[in-house]
Amino acid sequence: MTLKTVLSVYLSIFVFIGFSQTKTDSIANQSVVVINKDSVIDGKLFNSKKSIPPIVDTLGIKALKDLPQASELDEKWLEELYSNSLFDTIYKSVTELKYDPVYYPELSSDTLKARLERLNARTPFNVEYNTSLESVIKSYLKHRRGSLEKLMGLSHFYFPMFEQEFDNYNIPLEMKYLAIVESALKPRARSRVGATGLWQFMYGTGKEHDLQVSSYVDDRSDPIRSTTAAAQYLGRLYKIFGDWDLALAAYNSGPGNVNKAIRRSGGYKNYWNIRQNLPRETAGYVPAFLATMYIFEYAEEHGFKPERPMFQHIQTDTVHVKQMISLDHVAETTGVKIEELQFLNPAYKLDIIPKIEGRTYVLRLPREAVGVFTTNEEKIYAYAKAEFNQREKPLPQLFKNDTKIRYRVREGDYLGKIARKYGVRVSQLKQWNGLRSNNLKIGQRLTVYPRNRGVSNPSKPPKKVVNTEGRQTYKVKSGDSLWTIAQKFSGVSVQNIKDWNDISGNKLKIGMTLVVSK
């Protein structure tokens, strides 16, 4: 073989190897694309020179909130938040508790005994099996599944707050279930005798624990302040009786009634031995608490599917309020719905956060709104002050009698819903009708001065075509609110934008065009 032939053979081999490697790299790169698109290996994506477009997570698209189905669900959730029916149902079930045998084959007595024994071992309460407790547990499982799932959803927001405060005062963390029996997790719940809030404090007992009640604020409805007071009070009761079951009974009916029951029973100190000597409501109180604790602790075993809450506690944060401001102002400047702010700040009776010397008041917001508020704090306070100054004028100068209507409250109504219907504020509805809380009764008559004056049916005002010819316009983007848009244009106010665009409320849709000049 000649030297030329040998060189030719080697050259062919190198060409073949190079071609094969190139083809292999090409195939590998194609594989990387597939893997990058659908898979992660060892927590890392394969490196690729090709640009792979991200897959958009549709669950995070804000526009979905405007879909009719989503709006309908949101409306139902808000109705549930402002309805007292669940509180009334639980209050009635405790006072009228029955202990007749309940047929519920899904839970055998032997299984229940074993679970209660395990629950008893890890809690300081006397969770011992008896036929009365079995009857209450099975009755709740059979007849109250829907309401319990709603409460489980709400508990994701409230329980972290409760647990933190109870841990601070060395109170059993399971005591969080007491708020379900007391108030159905309704911070503005009010009993027939005037007990108020998540922990149902009477006015006097609340004052003993520094819960202030004024025209503006009711600390009994503040989740953290009231829980601190409940922890302190329960701690005092435990020191008296040395038993958490008796402390629970005393929390409901007072230490005096528990002491009377102990005397009438001949000196017994086990709750189940003195129960027949307690007031009727208290007799059902501890069984209701223990049944609730069992169902929550074994929710998965019983197939409960909790409803998702509007917020998780970790998704919110607080800011100290430096000047008087209303929740309406916060809603307009941050874009957070007024109902959401009311849910997060239930202690403010008139939806106004006051500024009082010696007292600190906080505003709880969704985390994404905290940055907007703190960044624009001075502007927001200045806006609130200007608005308050305008509202100090006498009512006849602002409204004429011929614009007044009388609205009859229907089932499912709440103040936020009525305010949106007529293009007014919740605080205005409260002012016009002398309301101290958000509670409404079916059939109640409300005075309303609708923003759309002269319209025979304010709930359905005729749509007007806005003339944009020769006027400056702005296209709404994600995260915009009327207030943030007004800040972009010198001399333009929120009310200007509303008037120029025939807008009655604060709701904006992404992509809509607004006139922002005269």
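**Rings, charges and buried parts**

Guide: Ring pairs link Phe157, Tyr158, Phe159, Phe162, Phe166, Tyr177, Trp199, Phe296 and Phe343 into a cluster. The model is predicted, and by the rule for ring pairs the count comes to 21 aromatic pairs.

Visitor: Are the rings of Phe159 and Phe296 stacked, tilted or edge-to-face?

Guide: A pair of aromatic rings is described by the distance of the centres and the angle of the planes. For Phe159 and Phe296 the centres are 6.0 Å apart and the planes stand at 45°, so the pair is tilted.

Visitor: Which helices does this pair of Phe159 and Phe296 link?

Guide: Both Phe159 and Phe296 are buried. The two residues are 137 residues apart and link distant parts of the chain. Phe159 lies in helix α6 and Phe296 in helix α14.

Visitor: How are the rings of Tyr348 and Tyr361 arranged?

Guide: Both Tyr348 and Tyr361 are buried. Their ring centres lie 6.3 Å apart with the planes at 70°. An angle over 60 degrees counts as edge-to-face, so the pair of Tyr348 and Tyr361 is edge-to-face.

Visitor: Which ring has the charged end of Arg144 over it?

Guide: The charged end of Arg144 is 4.1 Å from the centre of the ring in question. That ring belongs to Tyr140.

Visitor: What is the distance of Arg145 from the ring centre of Phe304?

Guide: Arg145 lies over the face of Phe304. Its distance from the ring centre is 4.3 Å.

Visitor: In the salt bridge of Glu163 with Lys176, which residue counts as buried?

Guide: The closest N and O atoms of Glu163 and Lys176 are 2.5 Å apart. Glu163, at 26% relative accessibility, counts as partly exposed. Buried means under 20%, so the residue at 11% counts as buried, and that is Lys176.

Visitor: Which elements hold Asp317 and Arg367?

Guide: Asp317 and Arg367 form a salt bridge, with the closest N and O atoms 3.6 Å apart. The pair ties together parts 50 residues apart in sequence, because Asp317 lies in strand β1 (residues 316-320) and Arg367 in helix α17 (residues 367-375).

Visitor: Why is helix α15 described as largely enclosed by the rest of the structure?

Guide: The helix covers residues 327-334. Its buried residues include Leu327, His329 and Glu332. Helix α15 is largely enclosed because the buried residues number eight of the eight.

Visitor: Is Gln200 buried or exposed?

Guide: Most residues other than glycine have a negative phi. Gln200 has a positive phi near 50° and lies in the loop between α7 (178-183) and α8 (203-208). Its relative accessibility is 11%, so Gln200 counts as buried.

Visitor: What is the relative accessible area of Asp351?

Guide: Asp351 has a positive phi of about 60° although it is not a glycine. Asp351 is found in the loop between α16 (338-344) and β3 (352-353). The residue is buried, and its relative accessible area is 0%.

Technical notes. Residues are numbered from 1 along each chain as its sequence is written. This is a predicted model: local features need pLDDT of at least 70, side-chain atom pairs count only at pLDDT 80 or more; totals for chains, interfaces and linings use all residues. Side-chain values use heavy atoms; hydrogens and water are left out. Helices (H or I, at least four residues) and strands (E, at least two) are DSSP runs, numbered from the N terminus. Buried means under 20% relative accessible area, exposed over 50%, partly exposed in between (1.4 Å probe, protein chains only). A salt bridge is a side-chain nitrogen of Lys or Arg within 4 Å of a carboxyl oxygen of Asp or Glu. Rings of Phe, Tyr and Trp (its six-membered ring) pair if their centres lie within 6.5 Å; planes under 30 degrees apart count as stacked, over 60 as edge-to-face and the rest as tilted. A charge sits over a ring if NZ of Lys or CZ of Arg is within 6 Å of the ring centre and within 35 degrees of the ring normal.
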